[in-house]
Amino acid sequence: RTGRDGNLGNENMKKKNKILWGSVLIIIGIIMAAGMILIRRDASQENQKDAGWQAYWNDVKDDWTQISLLPGSDESKLNFAWYTPENTTDEESDPDMKALAEKMDPETADGKIPSLLIGEGKNMKKAKLYPAVQASAEGVKDSRGETYHYNYVTVSGLRENTVYYYSYDNGKGYTEPMEYRTKGFKEFSFIFAGDPQIGSSNEAKNTGSETYRKTQAEAVSRDAKGWNQTIQAALKQTKNKASFIISAGDQIQTPQSQCPGRDVSYNEIEYTGFLSPPALRSLPAAVSVGNHDGDNTNFSYHFHMPNQSRLGRTAAAGDYYFTYGNVLFLMINAQNDDTEEHRKFIEETIRKNEDCRWRIAVLHQDIYGSALHSSEPEIISMREEMAPVLEKNKIDLVLSGHDHAYSRSKMLKGGKESDPGVKENQRVLYKNPKGILYLTGGSSSGSKYYGLAEDRQSYIAARWQENVPAYSILEAAEDTLTINTYRTDCGRKTDWEVVLEKE
């Protein structure tokens, strides 16, 4: 249209455009405002979480008597370890637990030898009292000059899918009862976590000074918070059905050789950080010995390892094993570099457990990793010496840490791909696999990350590093092992699902 009517048409169009753009700007403003509210809300919630963690940490950071749970020698057993001060009292004892212990065995309940109570349900039906095996925690002395003992208890006769409550004498009396819930014994899931390395985020030089101790305490709090978040995320992913967690080593940062005067008390705050997540009161943690753990005598004070061998020993521990369902878990202390000792341990253990369908080895150093350590002489040597031992003994899966970056190998035999698997819909299936799958966990706490090697190795099927904590969930059934790996922060997968199947 032209002329007067055309001008009117243009004016109307301009008015419509103004109204349209005005509406768009209003909508954008609303979206931005909503976004700012969400950001503020997220920030507020995060601040509340930080404040909640800090308050909790301030309450437990000086408590060296926190208990640790480890899987027992089989699924019907559970191992406990905890410290008690040499000078014990009864001033904070739970009155009901104290009365029950005294009723069951007055001599055991007198506090001279700490003990643990466990029974079914909140009313502690069929309760049993277990006196601890106690020994001196040599060299462990807190800032008040208090010395400590460590205590071991093995509980037996546990039944699957049953709720138990337990209480232990921590040197100030019996604690309030805590819940422990067994899961299925035939089909089960467990969590796999790489290097918590509590205290590693501290970049200050280890001098032993008061300044360093302050930065160490701050780093431990920060790393323990990240470790707690990963455990919580993993439990949520399994709907609280995980039977236990496997930590691939380097529970803490400071080896005894780096403690001023080799004082093992110096790294006790880091063990406190590792043990601090509340979920660990009811989730057993099978720990592997890492290079930051290997010379720590107090490692063995904190963790009561089942079936510990004379082979593969360092100051921390020897090789050990446990079974759960039809799976044999071989916990190899790779800080002892005597391959022959590990070979003997593996062969002796397999002979005792030939009926186990699946064999999983756990060792700290990643034989087939993909980050900083993967090309180091130590790792190449293990690849040449240890991998053939694992292959000869028909290990199905090797879980490792050390590299602080996630990777998954191809199915390997003799260092080469032995089975391509069937790949479909973000899933790879290995049916009657001929070889070993190697899985390296990333950081589970966020305390330290390493970059991936510039060139991806020929043996690697998948790898991931985004400087975010991660964890894996493994599900064990009669004929299958299924692996899924997730980011801690948002729960998204970092890799395909992997299934090993044996007909």
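1. Lys239 comes after α3 and has a positive phi, near 55°. Helices (H or I, at least four residues) and strands (E, at least two) are DSSP runs, numbered from the N terminus. α3 itself has 28 residues and spans 41 Å between its first and last C-alpha, close to the 40 Å expected at 1.5 Å a residue; the expected span is 1.5 Å times one less than the number of residues.

2. On the basis of the note: this is a predicted model, in which local features need pLDDT of at least 70 and side-chain atom pairs count only at pLDDT 80 or more, while totals for chains, interfaces and linings use all residues. Residues are numbered from 1 along each chain as its sequence is written, and side-chain values use heavy atoms, with hydrogens and water left out.

3. Two further residues deserve a look at their backbone. Asp250, in the loop between β10 and α4, has a positive phi near 55° and is not a glycine. His402, also not a glycine, has a positive phi of about 80° and lies in the loop between β15 (397–400) and β16 (406–409). Asp250 is buried at 1% relative accessibility, and His402 is buried at 5%; buried means under 20% relative accessible area, exposed over 50%, and partly exposed in between (1.4 Å probe, protein chains only). For background, most residues other than glycine have a negative phi, and most peptide bonds are trans.

4. There are 26 aromatic pairs in the structure. Rings of Phe, Tyr and Trp (its six-membered ring) pair if their centres lie within 6.5 Å; planes under 30 degrees apart count as stacked, over 60 as edge-to-face and the rest as tilted. Phe188 and Phe244 form a tilted pair, because their ring centres are 6.1 Å apart and their planes stand at 40°. Phe188 belongs to strand β9 (residues 188–193) and Phe244 to strand β10 (residues 242–247), so this pair ties together parts 56 residues apart in sequence. Phe188 and Phe244 are both buried.

5. Tyr212 and Tyr266 make a stacked pair, with 6.2 Å from centre to centre and 10° between the planes. Tyr212 is in helix α3 (residues 210–237) and Tyr266 in the loop between β10 and α4 (268–275), so to speak distant parts of the chain, 54 residues apart. Tyr212 and Tyr266 are both buried.

6. Ring pairs also join Phe185, Phe188, Phe190, Phe244, Phe322, Tyr324 and Phe329 into a cluster. Elsewhere, the charged end of Lys502 sits over the ring of Trp358, 4.7 Å from the ring centre. The criterion is NZ of Lys or CZ of Arg within 6 Å of the ring centre and within 35 degrees of the ring normal.

7. Asn484, in strand β24 (residues 480–487), is buried with a relative accessible area of 4%. Neighbours within four places in sequence aside, Asn484 is in contact (heavy atoms within 4.5 Å) with Tyr471, Ser472, Ile473, Lys493 and Glu497.

8. Asp169 sits in the loop between β7 (163–168) and β8 (178–181) and is buried, at 6% relative accessibility. A polar atom of the Asp169 side chain lies 3.4 Å from the backbone nitrogen of Gly173. Asp169 and Met97 are 9.5 Å apart, C-alpha to C-alpha, and 72 residues apart in sequence.

9. α4 is mostly covered, with eight of its eight residues buried. Helix α6 (residues 339–352) has 14 residues and reaches 20 Å from first to last C-alpha, close to the 20 Å expected at 1.5 Å a residue. Asp338 caps the N-terminal end of α6, with a side-chain oxygen 3.1 Å from the backbone nitrogen of Glu340. Buried residues in α6 include Thr339, His342, Phe345 and Ile346. Among the elements covering the buried residues of α6 are β12 (320–324), β13 (327–331), β14 (358–362) and α7 (377–392).

10. The structure contains zero disulfides, a disulfide being a pair of cysteine sulfur atoms within 2.5 Å. Cys259 is buried at 3% relative accessibility, whereas Cys490 is partly exposed at 38%.

Notes:
Polar contact = N/O pair within 3.5 Å; in protein donor to acceptor, adjacent residues only side chain to side chain.
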